[in-house]
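User: I am new to this structure and would like to know what lies behind the words used to describe it. Please set each value beside its definition.

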Amino acid sequence: MTTLDLHPAPQPAPAAARIRNHARTEIRLLLRNGEQLLLALVIPMGILVAGRFLGDRVGLTMDLLAPSIVALAIWSTCFTSQAIMTGFERRYGVLERLSATPLGRSGLLSGKAMAYSVTSLGQVILLVIVCLALGWKPHGSALAWVPGLVSVLIAMLAFGFLALAMAGSLKAEVTLGMANLVYIVGLVAGAILWPLADYPKAIRPIIAVLPTTALGESLRAWGLGQTLWWPLVSLLIWALLLGLLARKVFKWIS
């Protein structure tokens, strides 16, 4: 005769399922946030449409503008949006509470990384479709795809580490202001929208070492069918340095 064991035996879902579920929650929160949508789509889309008709006046043809807008979208989501969201989650104790659940700290960070990667991918696909509709004709060769794609992946990692370092060490209000300020500086002086060659020679050596420059130059080279490898080295160094910085300064409790 068999007996049924009706004692409760709760146990967490598998780690992969926990991370996927958390990533889905993060994506829903991003899509519901008007400020994040402004950074992720409205601003890049507005610059793209304006540049399509006015870009020739400032030296931005569609061959240069389209990949630059893709770089800007990645910068917007993986750095600015992530820094602001994480900063306020830390302030309100969300990170502290979630890290104590079976999700854990590594699962929480993995879910965030997955969410922002998926969001960036959606951004890029949508913006590429709009660019093609506006007349962009990419010349990317098969070989040029390799450094272009790898630079995107490493840049997402580097920008994410920068966001975590800022959000995990500063007050939420300070993070909000600093993230927007750094976003604008990257947009104007970070060679993410304009090619490095368009900047004055005196400041090019400084701008050339920025991670935004590396991503922008890599994608513009891909759009023109050129193969550029130095941005990968620059982005890899930035990712390692910013990763170490984030690990050192990030605090789960505000």
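Analyst: A definition comes first: buried means under 20% relative accessible area, exposed means over 50%, and partly exposed lies in between, with a 1.4 Å probe and protein chains only. This is a predicted model, in which local features need pLDDT of at least 70 and side-chain atom pairs count only at pLDDT 80 or more, while totals for chains, interfaces and linings use all residues. Residues are numbered from 1 along each chain as its sequence is written, and side-chain values use heavy atoms, with hydrogens and water left out.

User: What makes His22 and Ala191 buried or exposed?

Analyst: His22, in helix H1, has a relative accessible area of 9% and is therefore buried. Ala191, found in the loop between H7 and helix H8 (204-208), has 0% relative accessibility and so counts as buried. Ala191 also has a positive phi of about 55 degrees, although it is not a glycine.

User: How do you know how H6 and H10 are oriented to each other?

Analyst: The axes of helix H6 (residues 142-167) and helix H10 (residues 230-249) cross at roughly 25 degrees and come within 8 Å. Axes are lines fitted to C-alpha atoms, for helices over the stretch in contact, and angles between N-to-C directions run from 0 to 180 degrees. Angles under 35 degrees count as roughly parallel, over 145 as roughly antiparallel, 65 to 115 as roughly perpendicular and the rest as oblique, and H6 and H10 are therefore roughly parallel to each other.

User: What is the bend in helix H2, and where does it lie?

Analyst: Helix H2 (residues 34-54) has a kink of about 30 degrees at Val42, shortly before the proline Pro44. The bend at a residue is the angle between axes fitted to the seven residues ending there and the seven starting there. Pro44 is one of the buried residues of H2, which also include Gln36 and Leu39.

Definitions and conventions
Helix = DSSP H or I, 4+ residues; strand = E, 2+ residues; numbered from the N terminus.
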